[in-house]
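Here are my notes on the model you sent.

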Amino acid sequence: MAAHAPTIDTPPFAGFEWMLALRYLRARRREGFISVIAGFSFVGIMLGVATLIIVMAVMNGFQAQLFDKILGVNGHIAALQQGQTGRIRDYVRYSEALERVPGITAVTPMTEAQVMVSSPAQALGGLVRGVTEKGIRNTPLVANNIISGSIEGFDEQKGIAIGSRLAQALRLELGGFVTLISPRGTTTPFGTAPRSRSFRIIAVFEMGMSEYDRTMLYLPLSEAQRFFSRKGQVDAIEIKVSDPYAVEAYVTDLTSATGGDLYFQTWKERNQTFRAVLEVERTVMFIILSLIILVAALNIVSGMMMLVKDKSRDIAILRTMGATRSAMMRVFLITGASIGIVGTLAGFALGLLFLWQIEAIRQAVQWITGRTVFDPAVYYLSKLPVKIDVIETGVIVVMGLVLSVLATVYPSWRASTLDPVEALRYE
């Protein structure tokens, strides 16, 4: 009886394993269908990784731009008065105390109310904020984006600053007069009579966010207090800090500085629902796009199973020549994982290249289709915002690599368990 060839356990990932794996990747003519499946798997993983990186980076860019606008207009923390009226009386003393807290960059007392904004053309709803000249300069998104007029001597001019979109809708220009109508006017025996007054437009600003440019107006604080019957009172004290994403750390010191007379609300609390919606949207988008990578990984499974079946005779011969089960498993593991790993790295490179040239691509799509993509007149952004999160991108790449390797485990294990006798019985 002939002796079997001795089984020699070679070191893991030896040279002959890599040689066989690379040969199996270069399919011959009769194995062309397997090569096509491998090619589709490679392209699928590449496009899946690239798409996920691109979409998440653009979503991060939009979110960052959005929060920059919100934080640019509103304070990072609002100091409010408890009680029925909710108005702060001794706001000058409180403001001086708050300015002395470490990490505070700006303190702005303000009064705020909704009004009807009227012109000879039409009437629209608006939000009026009464601030001092110092307060409006503490809002760079307004002070640095004055497109006509000036806020010099804002406190003494007794005029009004208006958003560009609101001015366009009302068909008003610099120097024109806009009428504010407040529903909370003078109380009479017949009820509350609305209060109205006309103000000259001394400045037009364009913040770059349509919602703000369409609704916001700024009055000198003294004029707003007089118009809204809030003499010596403000509705809130807006506070800006050096680190807006760590606002919670300042609340204790601010409470101590005001002796507990005021309570503080951070921008995260005021926009909690909005932030939650954005997070849910990002999470759902991540999951949906990850399915592209998963489908491509499943293609690797099917392609590898077909390759194992096609190479069953080769596997049996190698086993009889002394190749171990673990060696055969590693051969097919290298073959399948190579498709996914190279596809993932190619997708990573493609995603970064796309983001680098995203503006040129947008203009090319506009030229080809003849349609405006991401109209600056609507979004007030000159180009698509992009923000690459290193950790998030790393997670996407690692996920692609892990799925690619896991997709090859079962087919590789099937190759290692192939019985040489059964494989060669009918040869």
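1. Contact here means heavy atoms within 4.5 Å. On that basis Met 207 touches Lys 69, Val 73, Leu 141, Val 142, Tyr 212, Asp 213, Met 216 and Tyr 218, leaving out residues up to four places away in sequence.

2. A word on the basis. This is a predicted model, in which local features need pLDDT of at least 70 and side-chain atom pairs count only at pLDDT 80 or more, while totals for chains, interfaces and linings use all residues. Residues are numbered from 1 along each chain as its sequence is written, and side-chain values use heavy atoms, without hydrogens and water.

3. The protein has 18 helices and ten strands. These are DSSP runs numbered from the N terminus: helices are H or I with at least four residues, strands E with at least two. Of the 427 residues, 45% count as buried, that is, under 20% relative accessible area (1.4 Å probe, protein chains only). Among contacts between residues at least 6 apart in sequence, 78% join residues at least 24 apart.

4. Now the cores. A nonpolar core is a set of buried Ala, Val, Leu, Ile, Met, Phe, Trp, Tyr and Cys residues joined through side-chain atoms within 4.5 Å. The largest has 42 residues, and Met 207, Tyr 218, Ile 237, Ile 239 and Leu 254 have the most contacts inside it. Helix H2 (residues 32-73) gives the largest share of this core, four residues. A second, separate core of 30 residues includes Ile 54, Val 58, Met 304 and Leu 318.

5. How do H12 and H17 pack? The angle between helix H12 (residues 272-310) and H17 is about 25°, with the axes 9 Å apart. Axes are lines fitted to C-alpha atoms, for helices over the stretch in contact, and angles run from 0 to 180 degrees between N-to-C directions. H12 and H17 are therefore roughly parallel, the term for angles under 35 degrees; over 145 counts as roughly antiparallel. Met 304 and Met 305 of H12 are among the contact residues, as are Gly 400 and Thr 408 of H17. By class, this contact of H12 with H17 has 17 nonpolar, three polar and three charged residues.

6. Helix H14 (residues 325-356) also packs on H17 (residues 390-416): their axes come within 8 Å and cross at roughly 155°. That makes H14 roughly antiparallel to H17. Gly 336 and Gly 340 of H14 are among the residues that meet H17, whose side includes Gly 400 and Thr 408.

Methods. Angles under 35 degrees count as roughly parallel, over 145 as roughly antiparallel, 65 to 115 as roughly perpendicular and the rest as oblique. Buried means under 20% relative accessible area, exposed over 50%, partly exposed in between (1.4 Å probe, protein chains only). Ala, Val, Leu, Ile, Met, Phe, Trp, Tyr, Cys and Pro count as nonpolar, Asp, Glu, Lys and Arg as charged, and the others, Gly among them, as polar.
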